[in-house]
Amino acid sequence: MAGLRLQPRWSIGLWLLVGLLLMSSTWPRTGFASWYSEDDPGVGWLMASGEPFSSQQLTAAMWLVPFDSCVRVTNLRTHRHVAVRINDRGPHLRFVLRGRVIDLSRAAVLRLADPDEGLIPVHVTRLTGSC
């Protein structure tokens, strides 16, 4: 065997994994936040942590951050901030490649910006202790 050749889909997945692992050790993070719309197909289902989705709680989704960890999300335009608890995984990897770093609940977004604004430029820092 001359050498190992990965199929294209495997090599893309490998690079995504490497990127996520590198990203997991990089704090603080700057990028874009999106939010769970009431029209999302997953609304009403269980989050990755096993708890039911609630748009009224200050929660969020991030990759490779332990469940029940708290992060502070700051809107870079308005400097408003909110502490959220991580209870899900996301944003979808195709959006992470485009600069999204966190998905927020509607309650969290309402503390940061107008939900009609779309993507919000944010700075995310880890918090110690409870939210």
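The model is predicted, so local features need pLDDT of at least 70 and side-chain atom pairs count only at pLDDT 80 or more, while totals for chains, interfaces and linings use all residues. Residues are numbered from 1 along each chain as its sequence is written, and side-chain values use heavy atoms, without hydrogens and water.

Strands here are DSSP runs of E with at least two residues, numbered from the N terminus, and two strands pair if DSSP finds at least two bridges between them.

| Partner of β4 | Sense | Bridges | Example bridge |
|---|---|---|---|
| β2 (residues 59-61) | parallel | 3 | A61 with D88 |
| β3 (residues 70-75) | antiparallel | 5 | V73 with V82 |

The hairpin of β3 and β4 has 5 residues between the strands, and H79 there adopts a positive phi near 65°.

A33 belongs to strand β1 (residues 29-35) and is buried, at a relative accessible area of 0%. Beyond its neighbours within four places in sequence, A33 has contacts (heavy atoms within 4.5 Å) with I102, L104, G118, L119, I120 and V122. The C-alpha atoms of A33 and I102 are 5.0 Å apart, although 69 residues separate them along the chain.

Finally, R89 lies over the face of F67, 4.0 Å from the ring centre; the criterion is CZ of Arg within 6 Å of the ring centre and within 35 degrees of the ring normal.

Methods:
Helix = DSSP H or I, 4+ residues; strand = E, 2+ residues; numbered from the N terminus. Buried < 20%, exposed > 50% of the residue type's maximum accessible area, 1.4 Å probe, protein only.
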